[in-house]
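Here is a friendly briefing to read alongside the model on your screen. Keep the sequence and the 3D view open as you go.

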Amino acid sequence: MPSPIRTVIKRSFKRGAMLLGPALGTPRPPSRILTYHSVGDLDHAMNVTPRNFAEQMAWLADHVQINTLDDAADAKPGVAVTLDDGYRDNLTNAAPIMVKHEVPGVVFVTAGKLGDLLVTDGEPWHGHLMNWDEARELSAMGIAVGGHSLTHPRLSHLSEDQQREEIIGSCERIAQELGTPVPYFAYPYGTSADYDHNSVRFAKEAGCRLACSNRYGYNVPGCDRFTLRRIWIDATDTMESFEAKVTGKLDALSVLDSPAGMFARRMLNRVA
Ligand SMILES: [Zn+2]
């Protein structure tokens, strides 16, 4: 739950990183991919309200080149938009806003849980995932549907056979339900501790053209197309921090994927 204390700490942390960014002399990055989750009124740290999402998409349409995910993997300058897990509100709330602003987004669905509630790390979100009819409706609106495993595990904790089933099995299920190949995959949780070389291998064997991590940062020419970095947008983001993330002033947050950064993030998440 996004407690007031955690929100204040996160916002202060972002403010510090905004000051640090220019001091580090970060080069102007060519390509960024944003990660959203639910776009609704859930009381959850990863939820963005429809009002904020609409404001953010309008800002992107006015200020940056909006990329497809393939453009992003080619490090074309601009911003691509992705949403993880497959929440029903991605269809009802996010998709109409994306269509209005001509944002060709990708929704990564947890294929074995569609039509149900998603539980991550033992914690239910109370956010309903879309069902397959709704996934087909989303696809018909021009929003691509990508794979995000069957049950949302930490892939690196699984055996090789389990990983194969989670990754290839999920892409096959989506292809079967939607009648179209699955070009994209996103590793659940997605920090460098949550996937491994087998995850990358099976995403390639599933026929995907690229795969996304959740390692914070931007992508440069020649980047690994199967471990693309992304920038998460969450409930604590103001328009100021959103713009800072999109324009690079918060690139210092990429330190969060280092061992020290992941420790700090775990500590931060315990503040309640
Ligand atoms: Zn996820």
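Predicted model: local features only at pLDDT ≥ 70, side-chain atom pairs only at ≥ 80, totals over all residues.

Residues are numbered from 1 along each chain as its sequence is written, and side-chain values use heavy atoms, with hydrogens and water left out. The protein chain has 9 helices and 9 strands; helices (H or I, at least four residues) and strands (E, at least two) are DSSP runs, numbered from the N terminus. Of its 272 residues, 54% count as buried. Here buried means under 20% relative accessible area, exposed means over 50%, and partly exposed lies in between (1.4 Å probe, protein chains only).

**Overall packing**

- Among contacts between residues at least 6 apart in sequence, 71% join residues at least 24 apart; a contact means heavy atoms within 4.5 Å.
- The largest nonpolar core has 60 residues. Such a core is a set of buried Ala, Val, Leu, Ile, Met, Phe, Trp, Tyr and Cys residues joined through side-chain atoms within 4.5 Å.
- Those with the most contacts inside this core are L34, Y36, F53, L60, F185, Y187 and F242.
- A second, separate core of 13 residues includes I33, L69, Y184 and C223.
- In soluble globular proteins, nonpolar side chains tend to be buried together.

- H148 and H152 are both buried.

- P188 sits in the loop between β7 (184–186) and α7 (197–205).
- With a relative accessible area of 0%, P188 is buried.
- Beyond its neighbours within four places in sequence, P188 contacts H148, S149, H152, P153, L155 and D194.
- P188 and L150 are 38 residues apart along the chain, and their C-alpha atoms are separated by 9.9 Å.
- Y187 also touches H148, and its other contacts include L155, Y195, A203 and F226, leaving out residues up to four places away in sequence.
- A203 belongs to helix α7 and counts as buried, at 0% relative accessibility.
- Setting aside neighbours within four places in sequence, A203 is in contact with I167, F185, Y187, C208, A211 and F226.

**Helix α4**

- How far apart are the end C-alpha atoms of helix α4 (residues 88–100)? They are 18 Å apart, which agrees with the 18 Å that its 13 residues should span at 1.5 Å a residue; the expected span is 1.5 Å times one less than the number of residues.
- α4 has a kink of about 45° at A94, shortly before the proline P96. The bend at a residue is the angle between axes fitted to the seven residues ending there and the seven starting there.
- Its buried residues are D89, N90, L91, A94, A95, I97 and M98, and what covers them includes α2 (50–63), β2 (78–85), β3 (106–109) and α5 (132–140).
- Just after α4, E102 takes a positive phi of about 55°.

**Helix α8**

- In α8 (residues 239–247), the buried residues are M239, S241, F242, A244, K245 and V246.
- G248 follows α8 and has a positive phi, near 100°.

- D70, in helix α3 (residues 69–73), is buried, with a relative accessible area of 18%.
- The side chains of D70 and Y184 are joined by a polar contact of 2.5 Å. A polar contact is a pair of N or O atoms within 3.5 Å; within protein, one must be able to donate a hydrogen and the other to accept it, and residues adjacent in sequence count only if both atoms are side-chain atoms.
- H128, in strand β5 (residues 123–128), is partly exposed, with a relative accessible area of 45%.
- Not counting residues up to four places away in sequence, H128 touches Y87, R88, D116 and L117.
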